[in-house]
Each structure stands twice: as structure tokens, then as C-alpha cells.
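Please read it alongside the sequence and the coordinates shown below.

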Amino acid sequence: MLIKKSTRISSTEITPESVYRSRRDFIGKSAALIAGAGLLGRANAGLQPDDELTPEEIVTQYNNFYEFGTDKGDPVKHAGALTTDPWTVTVSGAANKTGEFAYEEVVKGLVAEERVYRFRCVEAWSMVVPWLGIPLVDILKQFEPTGSAKYVEFKTLYRPEEMPGQNSFFSSIDWPYTEGLRLDEAYHPLTIMAVGLYGKTLPNQNGAPWRLVVPWKYGFKSIKSIVSIRFTEQEPLNTWQQLQPSEYGFYANVNPAVAHPRWSQASERRLPSSLFNQNRRPTLPFNGYADEVASLYAGMDLSKFY
Amino acid sequence: MPIVARNVFKPALGFVLSLPLLWLAYLIYLELISPTSGLGPDPAEGLLHFLGEWSLIMLLIAFSVTPLRRRLRLLILGRCRRMAGLFAFTYVVMHLVTYMVLYVELSWALLLEDFYERTYITAGMASFLILLMMALTSTRGWQLRLGRYWRRLHTLIFAAVPLALLHLLWLRKDGYLDTTLYALWFAIMVLERLQAKGYLSRATPPGAA
């Protein structure tokens, strides 16, 4: 309670507006301050004893964000051109409050907290990232989804003039990038909308101003730079499933038992690695978050619903 | 061509073909003094992809020697064909060793799984085995020993290059610009050979000028 009150103080009340570039900077910074002061502590659910933070320069320079190019170095090179202010999100589908909302309006009064999560890419590399995130449930409940909503679908910004990858003739992705979650997955306390990392406002190449983080799923589920949220009865068709249904499914839960035609999922290379040490370790079911999330999939054949 | 130019041509070409390796040596030097500065945030993968990309380019260069000699009337290129092929093979071996030793760290279980289940790795290995046979029999001695079979064996380059292209194509999730350019390059060199052998010219009607 005390924590919530302290972050509900708006920037105009305690800090001259001019100090901050924008309110979203404040969101990130205030959350960092709180985390730093130890009021919140780190939510380290599911971390293993040997999990160490991946250095910030790797987290912010090694990105799959195909809107800026398919090389992992492309996002940090090209994302600087992305305008994230103003940012509008369109909410539609099975909810009482739909329409266009300013990003600042949606996150106003919500608490961002530091969450240290493992992040496992389907390409069999992984990181440990200190995110600043808002529980997704807090964001979604504001729109009052109706009883018929079973899934939530997200879309990334489509703006080819600032996202060169969307112009590429040699890409087979049908933009905008689309992802989705079952509503119970979206409401799970581990699922967050990240607005920052390493105590700072989220860099563009990591999906500014906000991106999903679902730590027990492969990284491609954690859609970046979201401009559309739609509540739906039907399972959304996510981008990678659309492109290659035999390789990528809707659920995409981290699962060492289900091999991928391009990458063995039995182990992963944890970054940072070096030329002579890949920091290889076995991949854990649900990326090590099985205790928290396995019950969501009770009775499902996970080799079929991959 | 003047004799001096002729004597310098082959070593000069060899130098050009080793430039990527010199650049790589510099990147590895940077990497060793300060991790992730030379080969990127994921150094082993950076090295693997650098060598893979250049393996393919070198293979395509070796595959282009004969057509270029014909079109440019640069007969000296014929004496550089084996060298170009062995350069390509060297890049391929370094690529494979990086994968097995640095990337997979000689985990035999993982290697076997990759060979069987990753189609792109199966294609890459098939290409490597062909190139290995070609490299082993590239000497004058083997050329004489194998006689007319030598030529047949080395015709397998027409399989090795497309297998290497498939290796890249099947690895990629998306973004096919370089794959397309390499495939075009290969196609042009095949077409040149077909044309030189007369397969592409239309049958001339009798009596036509």
C-alpha cells in the first residue's frame, strides 16, 4: 500500500516537469529508485543459484527485432529513428472500454517493479534481464474485458518509414508483427509489460515504449512496441506460426523435450559467453518457471500444443 | 600478358583471397584483449557466421574461375583454379571446426542430434564431404591416378555449391537478401557453362543467315 502511494505522486507534484524529458522517463526512473532503495526488492521468482545478470550492453545490443533488420546488431543501429512520443494504443474487441488511448493515460498510476527473469530465445541462447515492468493484468483489467474474452492479441507498430525491416522485399513476414496469449496466461502474475530495464527507460531496440515479457515462453512471444490490444474469443494467429506452422506454435512454452527443426532445445547458451566457453546449460521446462505456470496447461499434450 | 604480371598474378590473387582471414585475425585479436569487442555480443556465433558467409563466397569465387577465364580470355586464371578451390575448402574447414569445437564444444550427443535432425546441418555436412573428397584428390598425383574419374568426381562441385546454399537458406528464419544474391551468382555461372557448351543457343534453321 505504502509503495503504491509513493509512486502515485505525479511528477508535477514533486519534481519540476522540466527535469524530466517526459512522463515515461519518470515512470522508469521512479520504479528504479524504489527498487534501488530496497522498498520493493527484486522479484526473483524461479532464479537458479548460478543465474547471473547478462551485462546491459549485451541486452541492448543483441536483439531480434526484425522491424529494424534481421541481423541481431541491426536494432541498436536503426532503432534510434523510432518516434515513441506520442504513443497511442488501440484497444478493441470484447471489452467495455475500447478506443484509442495515449500510452501515458494507460500506465498512469500503475506501479512498475523490477523483475529479474531468464529470457530464452527459440534460437537456443538465453539471458538474465532485470526488467522494469507492470503486471500485465493491471493494464488489461482497466479495459474491463467482457466474459466472452478468452484471448488477447497484440500488434507491434507498423511504420515502414522508421522501421526499415518492414520495407524489405526479402522478408516474408506479413507486418505488423502479431502475438497473443490466452487470457489466463496474460493475467498470470509473472507476465509483465516491461517499460524499462537495468533501472532505465526501455531502449527503442528493446521494444520502447513498452513490450510484453512472458518468461516461461520463447522470446518471440514477448512482442515489442505494442500499439494494439484486442480481446477475442478465438486464438490469435501469431506471426511466426503464420510463417512456419510446423516450427512455431501459439503456445511456444520453453520445452527441452520438443525439438525444433533448426535448434536443439535441450540446452542453451547463456550470454555472456566467450569464444572458448559457450556457458552452455540444460534448458529447463517452462524455462525454470514450472512451479508457477505448469498448472495452466494441466491435461494438455504439450508436444501437440507447442 | 607480360611475364612479370604473370608471375605476380597468382600470389596476388592468393593474397586477395586471404584478406578476410587477415581481417578475422584482427577481430579475434580485439576479442581476446576485450571480450565482445571484436566478434560481437555472441563471439562464437559471430565467428561461426563470419566463416560461414566467407566459405560460401569463396566457393562461389572458385566456381566462377572457369567462366571468367573463358569470358575475360584470361588464361592465367586456369592456373589459379585449384588454389581458389583450396582457399574455399580452408574457409569451410575453419567454419566446421568452429561449429564443432567452439560452438557445440564437442558434445557428441548434440552433434549427432544436429546431423540427423537439423536439415540445414545435414545439407552443410553433405557439401563438406564432397569438398573433402575434392580437396584430397586435388593433387597432380591423384589427378593422374584417377584419370577420367577425376573429372567426374570434381563435377560434384555442381552439387556441393547448391548444398551450401541450402545450408544457408534452411538456417535462416527470415531475411533472404544475401541468399538470393548468392543463388543468382551460382545461377549465372551455371548458365554461362550451359551457353558455352551450346545448350542455350537455338537450333539454327537450315539456310538461315
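Two strands count as paired here if DSSP finds at least two bridges between them. The model is predicted, and with that convention in hand, the bridge partner of A:Lys155 in β6(A) is A:Thr178.

**The sheet in chain A**

- Strand β5 of chain A, which covers residues 151-156, pairs with β6(A) in the antiparallel sense, and the pairing runs over five bridges.
- Both strands belong to an open sheet of five strands in chain A, whose order is β2-β1-β10-β5-β6 and whose pairing is mixed.
- At the edges of this sheet stand β2 (99-102) and β6 (178-182) of chain A, each of which has a single partner strand, so one side of each is left without a neighbour in the sheet.
- From one strand to the next, the twist averages 20°.
- As a general point, strands of a sheet pair through backbone hydrogen bonds, in either a parallel or an antiparallel sense.

**The nonpolar cores**

- The largest nonpolar core has 67 residues, and those with the most contacts inside it are A:Trp131, A:Val152, A:Met193, A:Ala194 and A:Val195.
- Strand β4 of chain A (residues 125-135) gives the most to this core, with six residues.
- When residues up to four places away in sequence are not counted, A:Trp131 touches A:Arg115, A:Tyr117, A:Ile192, A:Ala194, A:Leu197 and A:Val213.
- A second, separate core has 37 residues, and B:Leu39, B:Ala44, B:Tyr99 and B:Val161 are included in it.

**Chain B**

- The secondary structure of chain B comes to nine helices and zero strands.
- The C-alpha atoms of chain B fill a box of roughly 70 × 45 × 40 Å, taken along the principal axes.
- Of the 209 residues in chain B, 26% are buried.
- Among the contacts in chain B between residues at least 6 apart in sequence, 61% join residues at least 24 apart.

**The contact between the chains**

- The contact takes 24 residues from chain A and 26 residues from chain B.
- On the side of chain B that touches chain A, the elements that give two or more residues are α2 (43-72), α3 (81-103), α4 (108-117), α5 (119-136) and α9 (177-196) of chain B.
- The most is given to that side by α4(B), with four residues.
- Sorted by class, the side of chain B that touches chain A has 13 nonpolar, five polar and eight charged residues.

Definitions and conventions: Residues are numbered from 1 along each chain as its sequence is written. Chains are lettered from A and ligands numbered from 1 in the order in which they are written. This is a predicted model: local features need pLDDT of at least 70, side-chain atom pairs count only at pLDDT 80 or more; totals for chains, interfaces and linings use all residues. Two residues are in contact if their C-beta atoms, placed from the backbone, lie within 7 Å. Ala, Val, Leu, Ile, Met, Phe, Trp, Tyr, Cys and Pro count as nonpolar, Asp, Glu, Lys and Arg as charged, and the others, Gly among them, as polar. A nonpolar core is a set of buried Ala, Val, Leu, Ile, Met, Phe, Trp, Tyr and Cys residues joined through C-beta atoms within 7 Å. A residue is buried if 20 or more other C-beta atoms lie within 10 Å of its own, exposed if 12 or fewer, and partly exposed in between; C-beta atoms are placed from the backbone. Axes are lines fitted to C-alpha atoms, for helices over the stretch in contact, and angles run from 0 to 180 degrees between N-to-C directions.
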